[in-house]
Structures are given as structure tokens and as C-alpha cells.
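Hello,

Here is the structure I promised to pass on. My notes on it follow below.

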Amino acid sequence: REDAALKKELAIENRQKAEDELANLNEEAISISNRIANAKRDEDQARSMRINYAGPNGDKLIQVEIEQQKRVQDEKTIHIRQGFLLATNTFKSAVVSEYLGAQSGAIRDVIEQLDEASRRQGELTADEISKVLKPVSNVANKSVSELFQTNGAIQGQLSDAKELLARVQEAKKRVSEGRTRLSPDTERLMRELKDNGLDPVPVCDLVRITDPQWQPVIESYLGRNVEALLVEGSEHEAKAFSIYRGLTGPRAIYGAKVVAASRQADSSAVSGTVAELIEGDHPAAVSYLRRRFGDMMRAVSDKEAISGKRTMTQDGMLVQSGEYERLKPVDKHDFKIGGGDASQAEALKREGLELEARIKRLDREVESIRKLMEALMLLSESGLIVQMVESCNDMHHARELVSSLRQQMDDPEYDRLTEAE
């Protein structure tokens, strides 16, 4: 998650740079568009001279040119209308989006400006269109930035949900094999260790309690130790330490335990102790848990409990160093040692279904944001402004040319020169 946070910060910084560059490109693109319009005017002058020297066929050439320019005028008018429609519809979709809050007011203002401009689309000059579209580009840019932040937050929720679902699926597998689900921190740590090539095993999978009547209080006393992750081999043990220590920041895990198998000396239990009730086929796991109790004796009566140096009763009374304490016995449905009953399996099934539904919902949200961002990015780029400014220049240019050619056909001087030729 630390890497993801750094990548997010870098992406925000790069986006800001891109937005600054885009603003400069927009200005440059408009300047280029104006130069293109000037070049087209020069082309018109050359065309006019060619028609003037066409002699008797001049009227036909003019009429052909008029029809051509009328088609250009209609085409460019439609293009301007489509541009305004694209911008208006995109912003109308954005303003009702639940993912845009900060820009909603600015979006409404832009929609009003676009509606007004679209009603005058045939009259607008290139400068007026450019003036209308500049806030369109700015608001679209800011909206994309807001969506970028929102998308990052939802992606984080999606990542967490997928990670949790993976742990639930792993827990379901454990329960189906007669083992219990581990606590969330232990599940996370075990996954981290496995992802780095280790094969940790919870000690609760490797031991058993010989007297079931004592298991509730034994597990209560052991607490998190009962699910400590056993790692074997000195190199693997050192690697596990480095991996655990390296989980910092948002990835940090606290309270989970790792047991180095090579450092668990064989621990034989004295008769009558609590530790005597812990057995298993893995000496390191048995030794680790037995050492949590040491020489603590089992007691039945009050006299036995308070007369001993360290004692425990089956109902949870604990005596050590002259101190009395009562432990709450663990419910059998929450046993770690030999756990994994039907109630756990059912709970995991429900949790898995809820997570799958949440992931689908978050996936839909991410997709909705992606589509809206793509639509808004079209408005934030220089392409739309340039195309509409060019279309406006071409529309007015064609209109002026049609008017000029018609005046030329009605000019008596033009008729006189044609007849003379």
C-alpha cells in the first residue's frame, strides 16, 4: 500500500504538469487555427483571380463554386452544433454524477453558457467560440482531477476488498480441512510470508489438547500465541523477521506472532502442570506453547489454587506471584486448536458473498468514473477547441465567399468584361 501511495502522489504531480502543458498547447493551437484561416483567405483571392480570367465560362465556375461553398457552410455549421451538443451532454451527465461535488456549481454555469452559445451558433465568431470553450476546457480539467482523486479512493477500497476476499477464501479452505480461521492480522502476515516464498504454519494446526474440559481456559491464557506462525530453517526464520519488520506504514501489521522453530528447545512437561495437556506431532510447536505455561499447575479446589506458586483452575482462575486473576474461557465455536466447525464455515460463506457483491459494485463505480473521465478529457484537450474554431472560421469564410461570388455575378462591370472577352 506504501508503493501505491507513492505512485498516486507521482501520478497527481505528473497530471498537474500535463494540465499546464495542455493549457499552453490550447493557446498555440488557437493561434495555428487563425493562421490557417488567413491562409485560406489568400487562397480565396487566388481563386477569384482565376475566375475573373475564365472568360465566358466564368458564370458556370462561379455557380459551381457557390454550391461547393454552401455545402462547406452547412457541413461546418453541423460540426459546430455537434461540438456544442457533445460538450453540453457530457456536462449534463457529469453534473448528476455522485462522484463530482466540488465542480458541480461550475459545471452548471458552463451548461448555461453552452446552451446560450448553441442558440447563436451560426452567428458566433471564432473568437467568441474560443471564449465560450475556454471555461469548458478549464472546468473539464478540474472535474477530471476531482474524479482522479475519487477513483483513487475507490480503487483503494476495491484493493482492500479483494485482499480480504482472498483471506476469506483461504480461511474457507482451512475450515473445510478441519482447521480454524485465524485472526485478521495473522491472516495478513501469513499471506505476506507466503507471497515471499515462505511456508508458515500456525501452531494451532500442529498441536492438540488432551483434556477437552481444559481447552477453553488454555486457549484464553494463550491468546494470540495459539495461532503463532511457525517458520522452519534458520534462513527462512531470518527472512520472516525481515519481511515482518519491512511491513511499515499502511502495510504495518501489529500483534501477530512468528515462531522460529530452531529456537524452541524441547520442553518436557511436569506431571500435573497445564503444559502437560498440550501434545502434538511437531516438537517445536508443542515446546513453544508449553513454555507459555512453564511450571503452572492445574488446581481444582480453592486451597490448591491459592497454595501453589503458579496455578490455574478449569473455570479460569489464575494465581501467580500472589496475584489473582480470572480469565474468560474461550467459547468452543472460537477454538483455534482443532477448530473449524460448521458455524465458522457458514459465517465465512456469508462474508464471502458480501465481499463479492461489494467488489462487483466497486468495479461498476470504477467503470462509471472511467467513462466519465474519458468523456471529460475530450473536452479538456485542445482538439475540440481547435476543431470548432476551425469550423467556425470555415463556416464564415464559406458564407462570405458565397456572398462575394453572388455580388460578382450581379456586378455589371463583370458582365461587361465577360462579354468583351
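Ser 262 lies in the loop that joins strand E4 (258-260) to strand E5 (278-280); helices (H or I, at least four residues) and strands (E, at least two) are DSSP runs, numbered from the N terminus. Before you read on, please note that this is a predicted model, in which local features need pLDDT of at least 70 and side-chain atom pairs count only at pLDDT 80 or more, while totals for chains, interfaces and linings use all residues. Residues are numbered from 1 along each chain as its sequence is written, and side-chain values use heavy atoms, with hydrogens and water left out.

Ser 262 counts as exposed because its relative accessibility is 54% (exposed is over 50%, buried under 20%, partly exposed in between, with a 1.4 Å probe and protein chains only). Its side chain makes a polar contact of 2.6 Å with the side chain of Glu 237 (a pair of N or O atoms within 3.5 Å, where one must be able to donate a hydrogen and the other to accept it; residues adjacent in sequence count only if both atoms are side-chain atoms). The two residues, Ser 262 and Glu 237, are 25 apart in sequence, and their C-alpha atoms are 8.4 Å apart.

Strand E4 also belongs to an open sheet of three strands, in the order E1-E3-E4 with mixed pairing (two strands pair if DSSP finds at least two bridges between them). Strands E1 (201-202) and E4 are the edges, each pairing on one side only. E4 pairs with strand E3 (residues 229-231) in the parallel sense over three bridges, and Leu 229 stands opposite Val 258 in E4.

Best wishes
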